[in-house]
Amino acid sequence: MSNGVTKKRVAIFGSTGSIGRQALEVIDANPGLFSVEVLTGQSNEDLLIRQALHFKPDVVVIGDDKKYPKVKDALAAHPIKVFGGEQAIEEVAAMDNYDIMLAAIVGFAGLRPTLRAIDNGKAVALANKETLVVAGDIVMKKALEQRAPIIPVDSEHSAIFQCLVGETRSRIEKIVLTASGGPFLGKKPNFLVNVKRDHALQHPNWSMGAKITIDSATLMNKGLEMIEAKWLFNLQPDQVQVVIHPQSIIHSMIQFEDGSIKAQMGLPDMKLPIQYALAFPRRIPNNFPRYDFRKPGTLTFEEPDVKTFRNLTLATDALFKGGNLPCILNAANEIAVFAFLRNRIGFLDMTDLVERTMQQVPFIEHPTLDEYFESDGEAREFAASLIKL
Ligand code: NAD
Ligand code: MG
């Protein structure tokens, strides 16, 4: 589709979020290559309306039903179909008006629309890592059956994906996922116990949505990414290693069977992996700032402190045991982050909540999709009961 004649038709699910907005910047800079056909947002109706007026998509969906009349009215003078509600988001994913979905909804809510896109045989540029954490086996199997390419947007996974180009005959020995360490790198529990929401929301290298920013501070993000990597690249759990690299210049690395290591590097800017996923298999030019090796600077690496950041241990446990455990971990974590963002629980309580929920919800080794949904529900209910949400 990107042959220079036909534009790639893009559907952005979660267009009002951090990834969604940056994707629209990329598309705006490349009007000859892409058209926007679908925009969905949950609650920021004003931004969604502005985006729709600018990009003139075929369809707009506002997840929050109450805001539907306002969006509908604002776009009434244009040939744009407007829908409202959670169900509509899923149904639009089954439409044929687009070539590639950018899955940029946050959390478990992204799973169903993404599955619909895959069932629909559409390519998916996947930012929503929770989709693979929750039901990676089912998602990847469906994608294979439907020949629906899944192209990672997460910077680490984009790095691995880029390093794999041209490597069809070489085998991966292991992958090294880099982690910035977040704003509390080097801190100990006696410090973390007092950390508040506003401090945790300040990430040193990346500006992102609230949920992933907290996940980065607790290192749960890297835990989720280990599981995401396992499914994307068909790896054994022991092939996934995490290393702290505070400068976020190396976005991740592959070590091949012969010991050779390939890394993908660049300044930390999500627009690059977003652009790469949307334009794949092409690389397209841009004028983002470049990393300059001549400027003084050091790239450093260290082992993660898993005794302090126990989320990484919990996620490693879920990665190795598999079954519905990653789904339970994810659900409990979503509740924990939600509660922390509302100042209902402390920073370290988030890990305890996840751990207790993982111990409570029954383990299923080979869950069906319905069982994943049930485990998600059970885990949320139990985690919420612990903090009386
Ligand atoms: P965000 O909170 O900024 O945006 C989330 C988007 O999802 C918004 O458009 C919102 O309206 C929509 N949304 C929220 N709840 C919804 C629901 N229940 N139903 C339907 N839509 C809903 O999040 P973000 O930072 O853009 O992250 C999006 C996804 O991308 C996450 O899974 C995150 O882990 C992943 N990701 C983000 C970054 C980043 O830099 N922001 C980097 C890598 C991966
Ligand atoms: Mg990442």
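Mentor: The chain is divided into domain 1 (8–152) and domain 2 (171–267 + 299–321). Keep in mind that this is a predicted model.

Trainee: How many residues of domain 1 are in contact with domain 2?

Mentor: The centres of the two domains, taken over C-alpha atoms, are 27 Å apart. Contact is counted between heavy atoms within 4.5 Å. On the domain 2 side 13 residues take part, and on the domain 1 side the number is twelve.

Trainee: Which residue meets K129 in a salt bridge?

Mentor: Between domain 1 and domain 2 the count is two salt bridges. The one that K129 forms has a distance of 2.9 Å, N to O, and the side chain it meets is that of E225.

Trainee: Why does the second largest pocket lie between the domains?

Mentor: This pocket has a volume of about 540 Å³. It lies between them because its lining takes residues from both domain 1 and domain 2.

Trainee: Which element gives the most to the lining of that pocket?

Mentor: The lining has 21 residues, and by class 15 are nonpolar, two polar and four charged. Elements that give two or more residues are α6 (130–145), β7 (150–152) and α11 (220–232). With five residues, the element that gives the most is α6.

Terms used. Residues numbered from 1 in each chain as written. Chains lettered and ligands numbered in written order. Predicted model: local features only at pLDDT ≥ 70, side-chain atom pairs only at ≥ 80, totals over all residues. Heavy atoms only, no water. 1 Å grid on protein atoms, 1.4 Å probe; cavity = no way out; pocket = protein on both sides within 12 Å on 5 of 7 lines; lining within 4 Å. Points joined across faces, edges and corners; volume = space filled by probe spheres on them. Helix = DSSP H or I, 4+ residues; strand = E, 2+ residues; numbered from the N terminus. Nonpolar A, V, L, I, M, F, W, Y, C, P; charged D, E, K, R; others polar. Domains from an automatic or database assignment. Salt bridge = Lys/Arg side-chain N within 4 Å of Asp/Glu carboxyl O.
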